[in-house]
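Look over the sequence and the structure first, then read the points below.

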Amino acid sequence: MLAPYAVRVEDSRGRRIPEPQHPYRTDFQRDRDRIIHARAFRRLEAKTQVFTRRYSDHFRNRLTHTLEVTQISRTVAGALHLNADLAEALALVHDIGHPPFGHAGEKALNAAMREHGLAFDHNLHALRIVENFEQRYAAFPGLNLTFEVREGIIKHSRDYSAHEHPDLSEYLLERRPPIEAQLIDLTDEIAYNTADLDDGYEAHLLTLDEIREAVPIFENFYIEVAKIYPDAAEKLQFNEVIRRLMNRFADDLISNTRAQVQSAGVGTVEDVRRCPERLAAFSSPVDAERRQIKEFLHERVYFSQSLADEKENAERLVRELFAFWMAHPDVLPRSYREKAKEESLARVICDYIAGMTDYFIFEQYEKHCRR
């Protein structure tokens with residue numbers, strides 16, 4: 001019972017290399033399974049989301065965050081009668097291009113590339129992973145994913161200019177992505193805004209009183225929870241508030257996106273693509289609440305003094321390792337030395353570092369830079 005503007009798997013633009021249909025899995029389900037079994041997906045378990053294990057091994061890592069985004073995405077897509085299999089595949093792959101050390105690692109890697117007239121973008125790197133780096137099949141390089149999943153990898157969170165990225169011209173850059181892809185950036189925000197409040201509270205970077213004072217929607221729900229569960233432990237009351245926040249954002253995303261679709265009068269996927277703006281969105285009041293939480297987290301968690309040393313250390317490790325391999329390319333692994341004959345050395349080193357887990361990059365730093 002898909003909506004008329006949902007992506008139908010039978011209308012997929014297909015794979016680069018045609019394959020026979022599977023007897024009991026659709027192409028989007030096969031894409032989901034290929035992503036789950038990819039080495040790059042497994043490595044997410046050892047990549048920082050926000051908090052390292054210095055605080056606790058209960059906190060989200062890049063993999064558990066991805067699973068939370070996937071759960072929310074599939075729920076929202078189902079409620080909107082979209083293709084939940086496509087939304088699920090896109091959610092599972094949306095962070096696969098992130099380097100070690102979270103956004104600190106990405107910042108340092110991009111800065112290193114800028115010195116060579118290049119850049120690092122985790123969405124574009126994710127496309128390189130699924131197109132080339134994963135080597136699991138004898139018949140083709142990469143994962144040979146469908147067009148819709150590859151398109152969603154690069155377009156789920158931003159629009160790329162065809163002028164600046166002629167290499168991406170096949171992905172209809174002048175048009176919006178399907179709603180299944182548009183949802184992912186928003187479900188990502190639902191997941192990390194609520195999770196980072198939770199982890200920040202657990203890490204004792206945030207107190208309950210601070211959150212209540214700075215985030216009005218949190219305070220509103222806390223008052224409600226305290227009336228219903230006056231004798232519950234503080235952490236259980238906190239959990240109830242987080243649950244209500246998640247429901248509020250998901251409910252609003254569903255209802256407002258449905259209203260946007262109706263207002264735009266779209267009836268097909270092509271209508272969605274031709275819309276001047278994306279249709280998936282929060283309502284204005286809820287989007288304001290989202291921004292309040294995000295700004296609070298930026299001030300009190302992401303750029304807090306408590307995390308500053310870890311972030312600076314992470315950036316330094318990436319920067320020094322990058323410089324080391326630029327000066328000593330002969331000590332790169334053989335496969336990367338071979339790649340450097342065809343691509344710029346900076347890009348090859350960037351690819352190598354971006355694929356590392358937090359653990360492995362520490363090992364490499366100790367081996368090459370701790371002199």
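Which helices do the buried residues of H13 pack against? They pack against H8, H9, helix H10 (216-228), helix H11 (234-264) and helix H14 (305-327). Keep in mind that this is a predicted model.

**Helix H13**

- H13 covers residues 284-302, and His-298 is found in it.
- The buried residues of H13 include Val-286, Asp-287, Glu-289 and Arg-290.
- Ile-293, Phe-296, Leu-297, Val-301 and Tyr-302 in H13 are buried too.
- The side chain of His-298 reaches the backbone oxygen of Lys-294, at 2.9 Å.
- Ser-344 is 46 residues from His-298 along the chain, and the C-alpha atoms of the two are separated by 35 Å.

**Helix H6**

- H6 runs over residues 122-133.
- Its end C-alpha atoms span only 14 Å, while a straight helix of 12 residues would span 16 Å at 1.5 Å a residue.
- Of the 12 residues of H6, 9 are buried, so the helix is largely enclosed by the rest of the structure.
- Among the buried residues of H6 are His-122, Asn-123, Leu-124, His-125 and Ala-126.
- Leu-127, Ile-129, Val-130 and Glu-131 are also buried residues of H6.
- The buried residues of H6 pack against helix H2 (39-43), H4, helix H5 (102-114), helix H7 (147-155) and helix H16 (345-354).
- At the start of H6, Asp-121 places a side-chain oxygen within 2.8 Å of the backbone nitrogen of Asn-123.

**The second largest pocket**

- The second largest pocket holds about 580 Å³ of space.
- Its lining has 24 residues.
- Leu-124, Arg-128, His-165, Asp-167 and Arg-347 are the lining residues that lie nearest its centre.
- H5, H6 and H16 each supply at least two residues of the lining.
- H6 gives the most to this lining, with 7 residues.
- By type, the lining residues divide into 11 charged, 7 nonpolar and 6 polar.

**Asp-198 in helix H8**

- Asp-198 lies in H8.
- At 13% relative accessibility, Asp-198 counts as buried, because the cut-off for buried is under 20%.
- Leaving aside residues up to four places away in sequence, Asp-198 touches Arg-60, Lys-235, Phe-238 and Asn-239.

**Two histidines with positive phi**

- His-81 is not a glycine, yet its phi is positive, at about 60 degrees.
- His-81 sits in the loop between helix H3 (62-79) and helix H4 (84-93).
- His-81 is partly exposed, with a relative accessible area of 44%.
- His-204 is not a glycine either, and it has a positive phi of about 65 degrees.
- The loop that holds His-204 lies between helix H8 (179-202) and helix H9 (208-214).
- His-204 counts as exposed, with a relative accessibility of 70%.

Technical notes: Residues numbered from 1 in each chain as written. Predicted model: local features only at pLDDT ≥ 70, side-chain atom pairs only at ≥ 80, totals over all residues. Heavy atoms only, no water. Helix = DSSP H or I, 4+ residues; strand = E, 2+ residues; numbered from the N terminus. Buried < 20%, exposed > 50% of the residue type's maximum accessible area, 1.4 Å probe, protein only. Polar contact = N/O pair within 3.5 Å; in protein donor to acceptor, adjacent residues only side chain to side chain. Contact = heavy atoms within 4.5 Å. Expected span 1.5 Å × (residues − 1). 1 Å grid on protein atoms, 1.4 Å probe; cavity = no way out; pocket = protein on both sides within 12 Å on 5 of 7 lines; lining within 4 Å. Points joined across faces, edges and corners; volume = space filled by probe spheres on them. Nonpolar A, V, L, I, M, F, W, Y, C, P; charged D, E, K, R; others polar.
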